[in-house]
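Hi there,

Here is the structure I promised to pass on. Have a look at it first, and then read on for what turned up.

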Amino acid sequence: KDALLTPFVTSKGQSRDGHPLALYANIAVGLEAGSAFDRGAEGIGLFRTEMLFMDQEKAPSEDEQYEVYREVIDAAAGKTVIIRTLDIGGDKPLPYLELPEEENPFLGYRAVRMYPQYQSMVESQIRALLRASCHGVVNIMIPMIACVEEVQWINQLCKQCEDQLHAEGVSTGQWRLGIMVEVPSARYMIEKVADMIDFISVGSNDLTQYFMACDRGNRKVSALYDSLHPGFIAFLHDIAKVAKKSGVELGICGEMASDRRALPLLLAMGFDEISLSSPNIVQRRADLAALEFASCRGLLEKVCALATVEQVKAQIDQFWQQQI
Ligand code: PEP
Ligand code: MG
């Protein structure tokens, strides 16, 4: 079986009829980048930078961060790298920030929402990212975007940091800005921030949680927490259409991206890239090579008309059986 998969380590993600869909890797530490590329990643679709900031007594310095971001960009050797800015707070506390306890941490003070209060820490991350862009294009991705003002704020901060670096005689390279779509309201903001961003990436873990009003970690409601809910698929389809219309690149980096059942739907919706944990990449690329775009479009249409998760899964399973 492994031998059958070998060609899919180095090939590019595409359907049988040549419709491209790149397979990127999610990583949590800089060191992981090298092995992700060895395992067939066509890019890094999500570098979660939280680990850099956790389990420490203070935030990492700009220089320390620069070294890590540079390591990932060097490993990528020209391939796409998307680095997410700090997604902390709420359920993921940092001892040195002294964040208040909250009744509803997932609905509270987290990620981009706390950036203005900790601006200098955010600046150190942006500066490190911009400095690293000398070694290859850096795609900066902002988590938990819910409104236009947040994108304006971060966009200005990035430009300000760039000007500052130049004034200090430090050079920067090419960087691009993107947002995570993981709060439902962001769907309606895409068109309005399109002139400030280059790409979006759907965070299906949080987007499912907020769409279904269903705690992603609560086992009591885990049956309801399902990204294959027909309502969620319709919503995702809608997000994809808006992204296409707005001319922003479209990716997904939540768990849904590694689900074999979701694959034909994501292809049909026109995703440019899916980002998943690297051990799954080769298998998903092989699965993708068995699909034909037009029949995936047909499946998507059928699935959107269904009423329950169970029906959706049965329909997709039947579809996969027809592919082999
Ligand atoms: C997501 O919400 O889908 C996501 C990729 O971010 P995280 O899992 O880190 O919240
Ligand atoms: Mg998230």
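For the ligand site you will need one convention: Ala, Val, Leu, Ile, Met, Phe, Trp, Tyr, Cys and Pro count as nonpolar, Asp, Glu, Lys and Arg as charged, and the others, including Gly, as polar. Please also keep in mind that this is a predicted model.

With that convention, the shell around ligand 1 splits into 4 charged, 4 polar and 2 nonpolar residues. Its members are Leu46, Arg48, Asp87, Glu182, Gly203, Ser204, Asn205, Asp206, Cys253 and Gly254. Two elements supply two or more residues each, namely strand 2 (43-48) and helix 9 (204-212). Of the elements, helix 9 contributes the most, with 3 residues.

Next, the interior. In soluble globular proteins, nonpolar side chains tend to be buried together. Here the largest nonpolar core holds 94 residues, and Ile44, Val72 and Ile179 have the most contacts inside it. Helix 5 (residues 62-76) provides the largest share of this core, 7 residues. If you want to look around Ile179, its contacts beyond four places in sequence are Met141, Ile142, Ile145, Val151, Ala186, Val193, Ile197 and Ile200.

Ala213 sits in the loop between helix 9 and helix 10 (230-246). Its C-alpha atom is 9.1 Å from that of Leu224, a residue 11 places away along the chain.

Happy to hear what you make of it!

Best wishes

Key: Residues are numbered from 1 along each chain as its sequence is written. Chains are lettered from A and ligands numbered from 1 in the order in which they are written. This is a predicted model: local features need pLDDT of at least 70, side-chain atom pairs count only at pLDDT 80 or more; totals for chains, interfaces and linings use all residues. A nonpolar core is a set of buried Ala, Val, Leu, Ile, Met, Phe, Trp, Tyr and Cys residues joined through C-beta atoms within 7 Å. A residue is buried if 20 or more other C-beta atoms lie within 10 Å of its own, exposed if 12 or fewer, and partly exposed in between; C-beta atoms are placed from the backbone. Helices (H or I, at least four residues) and strands (E, at least two) are DSSP runs, numbered from the N terminus. Two residues are in contact if their C-beta atoms, placed from the backbone, lie within 7 Å. A residue is near a molecule or strand if its C-beta atom, placed from the backbone, lies within 6 Å of it.
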